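Thank you all for making time for this. I would like to walk you through one model, moving from the overall layout to a few individual residues.

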Amino acid sequence: MREPGDPHGASDEAAPLLLAEGTEFSGLLALDGPARIEGQLRGEVIGPGPLWIGPRANVEARIETDELRVAGVLAGEVRASRRIALEGTARVRGELSTPSFALAEGALLEGRCTTGRRRELDGEAPESGPDPDAPSS
């Protein structure tokens, strides 16, 4: 996902709007590319994304996507294979798992966030590097 003026990636505002403000959806939402939610969603969201949860959105879901940017309210379990970014207006409650995580000043996160390489997120030990729990000599 890109910042304004960033020539790399898809613009959040240009992503197809799946749920406009004032609309409600319950069930499974299967993504086939970039998507934006501004309404209310309850259920499950699966697909490559990137997925943008706008500042007026209220989402309670299990989400599996490549990239997720949140500016609204989100409750649930999220697995993003590339990145999760919480904007300053984000209010998130749940469990997040991603290799790359960005938290803007003002964002609220209640829950657990696991970051690291994909292998580590899947429960495998890192290939190398010091053990942070090992006693120092």
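What you see is a predicted model, in which local features need pLDDT of at least 70 and side-chain atom pairs count only at pLDDT 80 or more, while totals for chains, interfaces and linings use all residues. Residues are numbered from 1 along each chain as its sequence is written, and side-chain values use heavy atoms, with hydrogens and water left out.

The protein chain holds one helix and ten strands, where helices (H or I, at least four residues) and strands (E, at least two) are DSSP runs numbered from the N terminus. Read from the N terminus, the order is β-β-β-β-β-β-β-β-β-β-α. Of the 137 residues, 36% count as buried; here buried means under 20% relative accessible area, exposed means over 50%, and partly exposed lies in between, with a 1.4 Å probe and protein chains only.

If we set aside neighbours within four places in sequence, Leu74 is in contact (heavy atoms within 4.5 Å) with residues including Ile53, Val59, Ile63 and Val92.

Next comes the strand pairing, for which DSSP must find at least two bridges between two strands. E7 and E8 pair in the parallel sense over seven bridges, and Glu77 has Glu95 in E8 as its bridge partner. E8 also pairs with E10 in the parallel sense, over eight bridges, and there Ser97 stands opposite Thr114 in E10.

Which residues does Cys113 touch, not counting residues up to four places away in sequence? They are Leu96 and Phe101, and the C-alpha atoms of Cys113 and Leu96, which are 17 residues apart along the chain, are separated by 4.6 Å. Cys113 itself sits in strand E10 (residues 108-115) and counts as partly exposed because its relative accessibility is 27%.

A search of the whole structure finds ten salt bridges, each being a side-chain nitrogen of Lys or Arg within 4 Å of a carboxyl oxygen of Asp or Glu. Glu95 forms one with Arg112, the closest N and O atoms being 3.2 Å apart, and this pair links distant parts of the chain, with Glu95 in strand E8 and Arg112 in strand E10, 17 residues apart. Glu95 is partly exposed at 41%, whereas Arg112, at 52% relative accessibility, counts as exposed. Other salt bridges, through shared partners, join Glu21, Arg36, Glu38 and Arg56 into one network.

Finally, a point of backbone geometry. Most peptide bonds are trans. Gly49 and Pro50, however, are joined by a cis peptide bond with omega about 5°, and Pro50 is placed in the loop between E4 and E5.
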